[in-house]
Amino acid sequence: MSMHPENHAPTDGGTAPAHTDPHVLLETLVTKGRRGESATREEALAVLALDDADTLDLVAAAGRVRRRWFGRRVKLNYLVNLKSGLCPEDCGYCSQRLGSKAEILKYTWLKPEEAARAAGAGVSGGAKRVCLVASGRGPTDRDIDRVSGTVEAIKEEHPEVEVCACLGLLSPGQAERLREAGADAYNHNLNTSEEMYGEICTTHGYEDRKETVGMARGAGLSACSGLIAGMGESDTDLVDVALELRALDPDSVPVNFLIPFEGTPLAERWELTPLRALRILAMVRFVCPDAEVRLAGGREVHLRGLQPLALHVANSIFLGDYLTSEGQAGKADLEMIADAGFEVEGAGTETLPEHRTEPRTDLVAVRRRGAGTDVAPNA
């Protein structure tokens, strides 16, 4: 896979556009964000272009929006990798990709009882949501049966826990079956902008990903979709994917920072600084002010000592390890949250603002074309 850094040069702390006064910009974004209004494209680009010296002011401003919708709560999520490695897709960032030489664990499907046991470890550590992930293009119907059994096993032991599935591209009817089994959410990330997507993956397209997010939402699952920063993208790419996510309106937006695994095409991509990572996170908060913004993979690698500052922007993190890499120890995560003055969100607390938990009547469109009408069918 060929990358073109000359076309996707990141802005690492430069200077904001001449017409942008950082104080005015941030006050505008706080006012809009507290009303649930998204930053414009120009405003989002200005956030990414802020100078390093303005980053603490930026975090403080994003924190005011975060507290408006989520207080000082931090939601803990726990990953269970149901099937690791051997994926036929060629996503350049992924250690499980086709042709990956990364020395990761490789195994086929965990049995439901094994997955439930792994999930239990996360729940005992304080996780409110368990994310069940499997490598591959997408699940077969047999895979859906297998995952449904796993969801049921977890719910039987931990009825209060949220279960999110992340199984790749869905086929019609599969999201409904997961919902019937007790799944609460479905994750499928957009990862980067549509313009850059072909440089990251060639075995499936951007529209495939958007369609899967729509299927999940249409089945009544809470939609979860986010991005990966640090893959050689430009500021425009980052803003484009954030605005696309805002249009899709997922309830949860994970912000991942590339983990450059040896043996993958992006192994040499070490271009993020802790301050740039904070600016990216704050930009997403201002574009998606009332969504659950999750601090996800790569936070330890790229934020390093500034992780506690990121809690003022994100209201959700992954606890412990990731799919194929080890994360910060769960105990250290809990200490970090407490030391920064935040509290772990309890199982009985509703994460999302009330207006996000109301029935989504906008998802149902009455047919007014095709049979019985004079309008051409949708075919």
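Glu162 is buried, at 17% relative accessible area. Buried means under 20% relative accessible area, exposed means over 50%, and partly exposed is in between, using a 1.4 Å probe and protein chains only. The model is predicted: local features need pLDDT of at least 70, side-chain atom pairs count only at pLDDT 80 or more, and totals for chains, interfaces and linings use all residues. Residues are numbered from 1 along each chain as its sequence is written, and side-chain values use heavy atoms, without hydrogens and water.

What does Glu162 form with Arg129? The two form a salt bridge, with the closest N and O atoms 2.9 Å apart. A salt bridge here is a side-chain nitrogen of Lys or Arg within 4 Å of a carboxyl oxygen of Asp or Glu. The pair links distant parts of the chain. Glu162 sits in strand β3 (residues 162–166) and Arg129 in strand β2 (residues 129–134), 33 residues apart. Helices (H or I, at least four residues) and strands (E, at least two) are DSSP runs, numbered from the N terminus. Arg129 is buried as well, at 4% relative accessibility.

Stay in strand β3 for Cys166. Cys166 counts as buried because its relative accessibility is 16%. From Cys166 to Asn189 the C-alpha distance is 9.3 Å, across 23 residues of sequence.

Now turn to the other salt bridges. The structure holds 27 of them. One joins Arg41 to Asp240, with 2.2 Å between the closest N and O atoms. This pair, too, links distant parts of the chain: Arg41 is in helix α2 (residues 41–48), Asp240 is in helix α9 (residues 235–248), and 199 residues separate them. Asp240 is partly exposed at 22%.

Asp290 and Arg356 form another salt bridge, its closest N and O atoms 3.5 Å apart. Asp290 lies in the loop between α10 (274–287) and β8 (292–295), and Arg356 lies in the segment after β10 (343–344), so the bridge ties together parts 66 residues apart in sequence. Both residues are buried. Salt bridges with shared partners join Asp290 and Arg356 to Arg217, Arg246, Asp249 and Asp251 in one network.

How many of the 14 residues of α10 are buried? The count is 13, and the helix is mostly covered. From first C-alpha to last, α10 reaches 20 Å, close to the 20 Å expected at 1.5 Å a residue. The expected span is 1.5 Å times one less than the number of residues in the helix.

Most residues other than glycine have a negative phi. Asp249 lies in the loop between α9 and β7 (252–257). At 22% relative accessibility, Asp249 is partly exposed.

Arg304 is another non-glycine residue with a positive phi, about 50°. Look for Arg304 in the loop between α11 (299–302) and α12 (307–310). Its relative accessible area is 45%, so Arg304 counts as partly exposed.

Gly214 is placed in helix α8 (residues 206–218). Gly214 is partly exposed, with a relative accessible area of 40%. The C-alpha atoms of Gly214 and Ala175 are 10.0 Å apart, while 39 residues separate the two along the chain.

The surface is the last stop. Which residues form a positive patch there? They are Arg34, Arg67, Arg68 and Arg72. Patches are made of residues with over 30% relative accessible area and no salt bridge; like charges are joined within 9 Å, and nonpolar side chains (Val, Leu, Ile, Met, Phe, Trp, Tyr) within 5 Å. Lys and Arg count as positive and Asp and Glu as negative, while His and the chain ends are not counted. Arg34 belongs to helix α1 (residues 22–34). Arg34 is partly exposed, because its relative accessible area is 39%.

Definitions and conventions. Areas by Shrake-Rupley, 256 points an atom, 1.4 Å probe, with all protein chains shown as cover. Charge placed at Lys NZ, Arg CZ, Asp CG, Glu CD.
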